[in-house]
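Please look at the sequence and the model below before reading on. The text that follows goes from the whole chain to single residues.

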Amino acid sequence: MRSLGMEGAWLLETSAFGDERGEFQELFRGRSLASACGYEFGVAQVNRSVSRRGVVRGVHFAQVPPGQAKYVTCLSGAVLDVVVDIRVGSPTYGAWDAVRLDDPRMSMFVEAGLGHAFMALTDDATVVYLTSQGYAPEREHAIHPFDPDLGIAWPDGIDPVLSEKDDMAPGLKELARHGLLPTFEECARFHRALRERSVA
């Protein structure tokens, strides 16, 4: 596991084992993830999306607590996977980091309280993501992925395709003005409680 440019985001690399029959790989191992983040990542839902080239999904986040942590793997094709620090008061507030996911041996883990998005770089980009909470529309929000205040460097030469919801999403400043962004303090308190529960 490699920590990315903000607290709460990791890139994980796993191994695949092949022989004359084919290949075997562990996509997810809870114990390894727990040893890095200090708490058990309980999987509440498993989602799969298939996107054509240019599709942008996100930036999405859920209110904390409980938020929605995500473990993201691209099974085929390629995506640019993006994590955004939207936690008010964080030392890296407003920063983002991106990883090209084009190999199922690589996964991104995004803690609750961070924003997440991706752009499909190929047709039929198939992404599977494990989530710590089920879908709860009343607690979920979106930030416009092309918000200039975020300044995400999406790839050039690809025409973006957005859902109506994402295209109409507000920017970071508007969400902050309405008090809809999580705070670094409440996220830290939530994850501290998860760690204490795991130890107990």
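The accessible surface of the protein comes to about 10,200 Å², and carbon and sulfur atoms make up 49% of that area. The model shown here is a predicted one. Of its 200 residues, 47% count as buried. In this text a residue is called buried when its relative accessible area is under 20%, exposed when it is over 50%, and partly exposed in between.

The chain forms four helices and 13 strands. How compact is the protein? Its radius of gyration is 17 Å, while the globule rule gives 16 Å for 200 residues; these values are close, so the protein is as compact as a globular protein of that length. Along the principal axes, the C-alpha atoms fill a box of roughly 60 × 50 × 30 Å.

The next topic is the aromatic rings. The structure holds five aromatic pairs. One of them is formed by W10 and F109, which are stacked, with 5.8 Å from centre to centre and 25 degrees between the planes. W10 belongs to strand β2 (residues 9–13) and F109 to strand β10 (residues 106–110), so this pair ties together parts of the chain that are 99 residues apart in sequence. Are these two residues buried or exposed? W10 has a relative accessible area of 13%, so it counts as buried. F109 is buried too, because its relative accessibility is 0%.

A second example is the pair of F28 and F41. The ring centres of F28 and F41 are 5.9 Å apart and the planes meet at 65 degrees, so the pair is edge-to-face. This pair also links distant parts of the chain: F28 is in the loop between β4 (22–25) and α1 (30–37), F41 is in the loop between α1 and β5 (45–51), and the two are 13 residues apart. F28 has a relative accessible area of 26% and is therefore partly exposed. F41, at 7%, is buried. The residues of both pairs, together with Y71, form one aromatic cluster: W10, F28, F41, Y71 and F109.

Two single residues remain to be described. R2 lies in strand β1 (residues 2–3). Its relative accessibility is 44%, so R2 counts as partly exposed. Apart from neighbours within four places in sequence, R2 is in contact with A9, W10 and L11. W10 is the residue that stacks with F109. R2 and M108 are 106 residues apart in sequence, yet their C-alpha atoms are 9.6 Å apart in space.

V55 lies in the loop between β5 and β6 (56–62). V55 is buried, because its relative accessibility is 11%. Which residues does V55 contact, leaving aside its neighbours within four places in sequence? They are F118, M119, A120 and V161. Between the C-alpha atoms of V55 and G5, which are 50 residues apart along the chain, the separation is 24 Å.

Definitions and conventions:
Residues numbered from 1 in each chain as written. Predicted model: local features only at pLDDT ≥ 70, side-chain atom pairs only at ≥ 80, totals over all residues. Heavy atoms only, no water. Buried < 20%, exposed > 50% of the residue type's maximum accessible area, 1.4 Å probe, protein only. Contact = heavy atoms within 4.5 Å. Phe/Tyr/Trp six-rings, centres within 6.5 Å; stacked < 30°, edge-to-face > 60°. Rg over C-alpha atoms; globule rule 2.2 N^0.38 Å. Areas by Shrake-Rupley, 256 points an atom, 1.4 Å probe, with all protein chains shown as cover.
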